[in-house]
Amino acid sequence: MDTHFALDRPLEAVGALLARRRQNAAIVVVGGTALNLLGVLSRSTADVDVIAVAAVPPAGPPTTIANPTPLPPHLSEVVPTVARDFDIPTNWLNTVVGAQWDTGLPPEFDTRVSWRQTGGLWIGLPDRVDLIFLKLYAATDAGSPASRHFTDLMALQPAREELEEAARWIHTQDPSPAMDEMVAQVVTYAVERTA
Amino acid sequence: MRSSALHNAVARLREAAVDAAWRQWNAVFTLARARRPAQGIVDPEALLVFSMWLRPHEPRVWSAATVWASVAPRLLSVQRTKNIVKVFPADVTSSLDEFAHTAVSRGGDARWRSVVSGSPVMSPPHRTESASPRFGTPAALMLRIRLALGIGIKSDVLSYLVGCVGAAATVQEIADATYYYGRAVRRAVEELAAGGFVRARSTVPASYAADLEAWARLLDFDTDNPPAWHSWVNLYGFVVRLCEWLPTLDDAAPVVTASEARDLLAEWAPKLDALQALAPRPGTHPGEEFLKYFEGQILAALTDYVASAV
């Protein structure tokens, strides 16, 4: 069974349903959805990874982001409705990646988020550098250059300096020697591939 | 345009429902004249409350109800009317109030006092009304059984089971169809079974059926073309709900309209077999694609169903 979907229409549906109810919400997405929306790659994805939420000011885009768990109640109500409407899993939009808040996001992550609006939904997209940080971390965790995280990382066309900076940030997340070694291997492999 | 297609589909369904209501009045009341009277069982309280809702736009239907209030309010169940009104928008209560006033003051039926707000003036019933109920049509079966057994749950449970044309129904199914409370239905149908008026089937849960041939002989209808029960409360209720929903859409995005149409289907399909059968297979009409299916298949099929059920 194909468990990957084009999630742009469901996200637009969330925005339309929120607007219909005169509500709004703001989410920052990472992973395949962010890469798709940024035009870095075009592939279906299993879910929408929400790494942060934000309060929506009366005018203009959101500013301050926060841990996405739990999602705002009005957003939580709409998500299963859209799952029903598009016949996709109920957890198609989830905050699993929000666990990153336990150890911290890349420095000044929030200042680089760019926002776009669809109906009552603001979608925040991290900066390319932040995606490199997160993807290097995920690719190292996945442990294989065949993983989609490594593929995504390469699609971001990271420079050596960007990978090294990302590696330093990962060290603040997990300072174990084993992790340092794995990150170094992934960085080396990525640099070779880029070259 | 998509939205006009939806409006047209709802308008056709509404027209079918209005036509059904008029044909039902014709089947049970000499006041109404229709080319083809209803053949299926007329649910008088469903017809009454739907006529109330139609009042602003279909005065002839409402006028049939008001004259009925003068000449035959005793054939209606006050409690069941109260139960059914809850299915419809709140603004029908003003018409119910007026109907009840007429039923008390002109129809001489004091039971309707419990519905009236304020104090109705009792006056002798008018004997000058020329209209009268019809009991000779198969569609009037519910009224005929009430004439025999009185207004009450047992009469209506019997009508429902006869209208199931031999099929058995559980207590829950009977309660859902007749709009009486399940506990009261259970007691009524068990007593009807004990008295030999219906048969209990040893199913789990227990179910009950009427002997179609025996009732056909008693009530003089053709077993090959028996008067059938259709859930007019829910058919009319769904039509009303659709008509009330439509103006709220304004410039709603198609994906929103489709989603709310799904909400309606999810809410009403469990109450309407005709709708349940039309529910799409999962994954076949994602997002706004459902709208086309809703207009072109579900509403069109339901329009045909209403026209044939009456």
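These are my notebook entries on a predicted two-chain model, chains A and B.

**Ground rules**

I number residues from 1 along each chain as its sequence is written, letter chains from A and number ligands from 1 in the order in which they are written. Since the model is predicted, I take local features only at pLDDT of at least 70 and side-chain atom pairs only at pLDDT 80 or more, while totals for chains, interfaces and linings use all residues.

**Domains of chain A**

I looked up the domains of chain A and found domain 1 at 8-126 and domain 2 at 129-194; such bounds come from an automatic or database domain assignment. Their C-alpha centres are 24 Å apart. For the contact between the two, I have 12 residues of domain 1 of chain A against 9 residues of domain 2 of chain A, where contact means C-beta atoms, placed from the backbone, within 7 Å. On the domain 1 side, helix H2 (residues 31-37) of chain A has the largest share, 3 residues. Helices here are DSSP runs of H or I with at least four residues, strands are runs of E with at least two, and both are numbered from the N terminus. By class, that side of domain 1 of chain A has 8 nonpolar, 3 polar and 1 charged residues. I count Ala, Val, Leu, Ile, Met, Phe, Trp, Tyr, Cys and Pro as nonpolar, Asp, Glu, Lys and Arg as charged, and the others, Gly among them, as polar.

**Domains of chain B**

Chain B is assigned domain 1 (139-219) and domain 2 (232-309). I get 30 Å between the C-alpha centres of these two.

**Where A touches B**

I checked the chain contact next: 10 residues of chain A meet 11 residues of chain B. On the chain A side, helix H1 (8-20) and helix H3 (73-86) each supply at least two residues, and H1(A) gives the most, with 5 residues. The chain A side divides into 4 nonpolar, 1 polar and 5 charged residues.

**Helix pairs in chain B**

Two packed helices are described by the angle between their axes and the distance between the axes, so I noted both for each pair. My axes are lines fitted to C-alpha atoms, for helices over the stretch in contact, with angles from 0 to 180 degrees between N-to-C directions.

Helix H2 (residues 44-54) of chain B packs on helix H11 (residues 232-245) of chain B at about 15°, with the axes 9 Å apart. H2(B) and H11(B) are therefore roughly parallel; I use that word under 35 degrees, roughly antiparallel over 145, roughly perpendicular from 65 to 115 and oblique for the rest. The crossing of H2(B) and H11(B) is left-handed, meaning that the near helix is turned anticlockwise from the far one by less than a right angle (clockwise would be right-handed). From H2(B), I listed B:Ala46, B:Leu47, B:Phe50 and B:Trp53, which meet B:Trp232, B:Val233, B:Tyr236 and B:Val240 of H11(B). The residues of this contact are 8 nonpolar, with no polar and no charged.

Helix H7 (residues 153-163) and helix H8 (residues 171-178) of chain B have axes that come within 10 Å and cross at roughly 105°. H7(B) and H8(B) are therefore roughly perpendicular. B:Asp156, B:Val157 and B:Tyr160 of H7(B) make the contact with B:Ile174, B:Ala177 and B:Thr178 of H8(B). That set splits into 4 nonpolar, 1 polar and 1 charged.

S1(B) and strand S3 (residues 207-209) of chain B are joined by 2 bridges, and B:Thr170 has B:Ser207 as its bridge partner.

In chain A, strand S5 (residues 114-118) and strand S6 (residues 121-125) pair antiparallel over 5 bridges. A:Trp115 partners A:Gly124 in S6(A). The hairpin has 2 residues between the strands, and A:Gly119 there takes a positive phi near 60°.

Most residues other than glycine have a negative phi, and most peptide bonds are trans. I noted these exceptions.

- The bond from A:Thr69 to A:Pro70 is cis, omega near -5°, and A:Pro70 is in the loop between strand S3 (65-66) and H3 of chain A.
- B:Val204 and B:Pro205 are joined by a cis bond, omega about -5°; B:Pro205 lies in the loop between S2 and S3 of chain B.
- A:Glu108 has a positive phi near 55°, in the loop between strand S4 (93-94) and S5 of chain A.

Notes: Two strands pair if DSSP finds at least two bridges between them.
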